[in-house]
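I opened this notebook to keep track of what I looked up, one entry at a time. The entries follow the order in which I searched.

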Amino acid sequence: MPTAARLVAALCLGLLALVVSWQVVPLMPEGTDFGYFFHINVILGVLTGWIFMGRRVGHGLVPAINNGLTGAAVMVLWALFIQGAWEMFDRAMRNRYGGPFDALLAILTLSLEYFFVIAVPSVLLPLIIGGCLAGLLAESTDKRWP
């Protein structure tokens, strides 16, 4: 059921995904083609905010912060998985894998490589702060417009 809290959570995580995506760009190797990188991450942020965070509001201050942090973590996990799968499909089209199991294992490997690229304070700190703020804003919206 659509609520104002779901909308605010979706908008907050979409904005957080956009900000963090811009901070990831300088960390990637020179000449990286980002293609739909920003679009996919913002859509994932909006969906995570709407589906995951939006249904868990209305329980108080500390659960709101936990909700925001968990929402940010879920968004990052989905983004890592989808970006890893996208890169795997790109490599698979160039016949870089010996079979389907090599390609499926590459999704995990690529996702872990991307995680280690973004596991720096300039990316993690905005994720933590933005997740907390998103949870608090969604909770505040739920109290004002139930």
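Entry 1: I began with Glu 139, which counts as buried because its relative accessibility is 6%, where buried means under 20% relative accessible area, exposed means over 50%, and partly exposed lies in between (1.4 Å probe, protein chains only). Its partner is Lys 143, and the two side chains meet in a salt bridge at 3.8 Å, N to O, the term being used for a side-chain nitrogen of Lys or Arg within 4 Å of a carboxyl oxygen of Asp or Glu. Lys 143, in contrast, is exposed, with a relative accessible area of 59%. I noted that Glu 139 and Lys 143 are 4 residues apart in helix H5, so about one helical turn separates them; helices here are DSSP runs (H or I, at least four residues), numbered from the N terminus.

**Entry 2: what I am reading.** The model is predicted, so local features need pLDDT of at least 70 and side-chain atom pairs count only at pLDDT 80 or more, while totals for chains, interfaces and linings use all residues. Residues are numbered from 1 along each chain as its sequence is written, and side-chain values use heavy atoms, with hydrogens and water left out.

**Entry 3: the other salt bridges.** How many salt bridges does a search of the whole structure find? I found 3. One of them joins the side chains of Arg 91 and Glu 87 at 3.1 Å, N to O, and both residues lie in helix H3 (residues 61-92), 4 residues apart. Arg 91 is partly exposed, at 22% relative accessibility. Another joins Arg 94 and Asp 90 at 2.8 Å, N to O; Arg 94 is partly exposed at 48%, and Asp 90 is partly exposed as well, at 37%.

**Entry 4: the nonpolar cores.** I then turned to nonpolar cores, meaning sets of buried Ala, Val, Leu, Ile, Met, Phe, Trp, Tyr and Cys residues joined through side-chain atoms within 4.5 Å. The largest has 25 residues, among which Leu 16, Val 24 and Leu 127 touch the most other members. Helices H1 (4-24), H2 (37-53), H3, H4 and H5 each give two or more residues to this core, and H1 gives the most, with 8. A second, separate core of 6 residues includes Met 88, Ala 106, Ile 107 and Leu 110.

**Entry 5: a loop residue.** Last, I looked up Val 120, which sits in the loop between helix H4 (100-118) and helix H5 (121-144). Val 120 is partly exposed, at 23%, and its C-alpha is 9.6 Å from that of Val 24, although 96 residues separate them in sequence.
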